[in-house]
Amino acid sequence: MNRSLQLIAMLGLAAYCLLPWYGVDYGIFELDWIEAGGLLSEAGASGLLRLFLFSDGAMAIPAIALLLLVAVGSTPQLSRRLSMFSMAATIFALCAIIIHAMAGAGPMRSFGYGSTIILTVLFLSGTNLWSRLGKGNRDAFVVSSIAFVCALILLFVFYPIAQILVQAFVNKQGIFNVLGALNIATGGDIWSIGCLVGRSRCGVAVNSIILGLLTATSTTILGLAFALLMSRTRFPGKPLLRALAVLPIITPPFVIGLALILLFGRAGFVTDTISNLLGLEASRWLYGLWGIWLGQTLAFTPIAFLVLTGVVQGISPSLEEASQTLRADLSATLRTVSLPLMKPGIANAFLLAFIESLADFGNPVVLGGGDNVLSTEIYFAIVGAQANMMRAAVLSLILLALTLTVFIVQKRWLGRTDFTTITGKADNGANSMLSRGHKVIVYGLTLPWMLFTTLIYVMVFYGSVVKLWGQDHTLTLAHYKEAFEVSWSDGGIWWKGAAWDSFWTTISISAIAAPLTAGLGLLTAWLLVRQKFAGRSTFEFLTMLSFAVPGTVVGVSYILAFNNAPIELTGTGTILVLCFIFRNMPVGVRGGVAAMKQLDNSLDEASLTLGANSFKTLRHVVLPLMRPAIVSAIAYSFIRAITSVSAVIFLVGADHNMATAYIIGLVENGSYGLAIAYSTVLIMVMLVVVTVLQVAFGKRRLRREDRIGQQLSRPVVA
C-alpha cells in the first residue's frame with residue numbers, strides 16, 4: 001500500500017514547517033530548539049510562501065520532493081515512470097541538504113531538528129520507492145531496514161573512525177603531516193621493549209600487549225576451572241559461584257582497583273599488617289603492570305566463566321560416556337574428548353579477555369602508576385596540558401589495529417572447524433565427573449580465588465563506611481549522606497546529595513539507550529536470520545565490527561566526528577545515547593541471533609502465507625516469542641551503559657556528567673570513601689535489575705538432566 005509512503009512524506013512536511021532547519025545552542029536535540037522555531041515561526045503563515053519561493057533555494061528542494069512523495073503516496077496505482085521520477089527527486093533533495101550544510105558558515109552548517117528529520121524521511125522514502133520499483137526482494141520494510149541499519153553503522157561507526165584516520169595526519173597547525181604521524185607511531189615511547197631486557201620501561205603498546213596476554217591467559221584458566229567446577233563436580237557452593245560471576249560484571253571497572261588499593265596500597269590493610277609484623281617499609285608494588293593485571297583478572301574472569309560454562313555444559317554426555325565405555329578413564333576422557341570440543345569456547349574466552357584488556361581504562365588509570373598503556377596514554381594526550389589530538393589519533397589507530405587483528409584472527413580460526421555437539425536427537429546422559437587429580441587442580445584454583453573475590457567486595461563495602469581509610473576507621477554513613485542526602489522542604493523532595501545529579505543523568509540516559517540498543521540489535525538479528533539478500537555476510541561483519549572497537553577509540557572518534565558541523569553533538573546527552581547504542585549493539589545482535597534460531601521458520605511462513613507482510617509478522621509472531629531475549633538485551637544494555645567509562649570519559653559535559661566519570665574525578669581527588677559509596681549504590685541498583693530478570697526468566701534448558709555421573713565400570717573382556 002502507498003499509505004505508508006504518504007504518511008512518511010507528510011511527517012517530513014510537518015518537520016519542514018515547524019522545526020528549526022539549523023542547529024541551535026547546546027545541540028540539535030535539546031529543548032531550546034523551541035525558541036528557534038521552524039519556518040512558520042520564522043516567517044509567519046502569511047510569509048511562508050514568499051520564504052519558500054524567494055529565500056534559500058536549497059530549502060525549497062526538499063519541500064518539492066516531499067510534496068511529490070505525498071502525491072505519489074496517494075496514487076492508487078504507482079506507475080514506474082512516476083516512481084523513478086520521485087526517487088530521482090528524493091536523491092537530489094538528499095544531496096542538496098548535505099551540500100548546503102557543508103557550504104554554510106557557523107551555525108548555518110549544523111543540522112537542526114527539521115533537517116535531521118527531513119533527511120531521515122527522504123532516505124526512508126527512497127528505500128521504499130526502490131522496493132516498489134521491483135528492486136531487492138520487493139518488501140519495503142525489509143529493504144528499508146537493511147538500508148537504515150547500514151546507514152546508521154556507516155554514520156556512527158565508520159564515519160567517526162574515518163575522522164581518526166584523517167586527524168592522525170594533521171598536526172596542531174592544521175597541516176597535513178604524514179612524517180609526523182609516522183614519527184609518533186614508531187616512537188620508542190610506544191614500541192620500546194626495555195622492560196623485557198632489564199634496561200628501562202617498555203612502550204605503551206608493548207605494555208598493552210604484555211598485559212593483554214597475561215590477562216587473557218589467567219582469566220581463561222580461571223574461567224575454565226570455574227566452568228568445570230560448576231558442571232563437573234558436586235560443589236555445594238554453586239549459588240555463591242553464580243553470584244560472584246555476576247558481581248564483577250555489574251561493577252564499575254575501577255571499583256576493583258580501588259578495593260585492591262584498600263588492601264595492598266601503601267596504607268592498605270594487608271600492606272600495613274605485614275609492615276608492622278615484619279618491620280618492613282610499605283612498598284608500591286601494586287601500582288604498575290602487576291597491579292593492573294591483578295585488577296583485570298578479577299574483573300574479566302567472570303566473563304571468561306560465562307563464555308566457557310555454556311560450552312562445557314553443551315558437550316554431549318553421550319560422547320563422554322562412549323569414551324569411558326571404550327575403557328578410557330575420567331582423566332583421559334577430559335583430555336581427549338571434552339577439552340578438544342571446548343576449543344571454540346577457550347579461544348573465544350582468551351581473545352575476548354585480550355580485547356577487553358586492551359580496551360580497559362578504569363583499572364589502568366587507578367593502578368597504572370608509572371606504567372601507562374594505550375588507553376590511558378590516549379586519555380592523557382587529550383586532557384593533558386599539550387592537548388595533542390594528533391598523538392591521540394595515532395595511538396587510537398594503533399589500539400584499533402591491535403583489536404581488529406585479534407578479532408579477525410578469531411573469526412578465521414574458529415570459522416574453519418565444526419564443533420557441533422547439540423543436535424535434535426534425544427540426549428539424556430549425565431555429565432562426566434572430574435578425576436581426582438583434576439579435582440585437586442580445579443579446587444586449588446577456584447576456592448582461593450572465590451575467597452579473594454569475596455574479600456574484595458567486603459573491602460568495597462567496608463571502605464564506604466569508614467571515615468578515612470588508613471587513618472580513621474570509625475564506622476560512619478557520612479559518605480552515603482554526602483552523596484545521596486534527601487530532604488523534604490516546601491512540600492517537595494530536595495535531592496541535596498552531591499551525586500544525585502550524575503546519578504539521575506546516568507539512569508535516564510541508560511534507560512533511553514537500552515531499549516534503542518536492544519531494538520536495533522534485534523532488528524539486525526532478524527535481518528540476518530530470517531532474510532536472504534546479497535551481501536549478508538558483509539552486513540553481518542559490519543554489524544559486529546563495532547564490538548572490536550575499544551571504548552577509548554570510540555570516545556576519541558566521536559569527539560573528532562561530532563564536535564563540528566554538519567553534525568554537532570559534543571556536550572549533549574544525544575552523543576552519549578548514540579555512543580551506548582552502537583557500542584553495545586553487537587551483543588544485542590548475537591543474543592537475538594541465538595534466540596531467533598530457536599524459532600522454526602514455519603511460524604514466519606504461516607504468517608506470510610495468510611497475507612501478513614514482513615512488518616506484521618515481525619511484530620505479531622516473532623517478537624512475542626522472543627520476550628526473554630528482548631528483556632535480556634535491554635538489561636545488558638542498561639548495565640553496560642551505567643558501567644561504561646572508557647568512552648564516556650571523553651564525552652561527558654557539564655550538563656551531562658555520567659556516574660563513572662564523576663567517580664573517576666573523586667578518585668583523582670583522593671575522595672576514596674565517597675567514590676566507593678557511590679559505586680556501592682550503583683552495584684545495588686544493577687544487582688536488583690539482574691535478580692529480577694533471573695527470577696522472571698530462569699535459566700536455559702537443554703532437555704537433559706542437570707546431574708553429574710560416575711565413571712562407568714570397564715567392561716569385562718571374556
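On a 1 Å grid over the protein atoms alone, a cavity is a set of points where a 1.4 Å probe fits but cannot get out, and its lining residues have an atom within 4 Å of a point. Points are joined across faces, edges and corners, and a volume is the space filled by probe spheres set on them. Searching the whole structure this way turns up five cavities of 30 Å³ or more.

Before we look inside, note that this is a predicted model, where local features need pLDDT of at least 70, side-chain atom pairs count only at pLDDT 80 or more, and totals for chains, interfaces and linings use all residues. Residues are numbered from 1 along each chain as its sequence is written, and side-chain values use heavy atoms, without hydrogens or water.

Helices are DSSP runs (H or I, at least four residues), numbered from the N terminus. Ala, Val, Leu, Ile, Met, Phe, Trp, Tyr, Cys and Pro count as nonpolar, Asp, Glu, Lys and Arg as charged, and the others, Gly among them, as polar.

| Cavity | Volume | Lining by class |
|---|---|---|
| Largest | about 110 Å³ | ten nonpolar, two polar, no charged residues |

Around the largest cavity you will find Phe226, Trp449 and Met450, among others. Helix H14 (289–314) is one of the helices that each supply at least two lining residues, and H14 gives the largest share, four residues.

The lining of the second largest cavity includes Phe156, Tyr558 and Arg583. H7 contributes the most there, with four residues.

Conventions. On a 1 Å grid over the protein atoms alone, a cavity is a set of points where a 1.4 Å probe fits but cannot get out, and a pocket is an open set with protein on both sides within 12 Å along at least five of seven lines; lining residues have an atom within 4 Å of a point.
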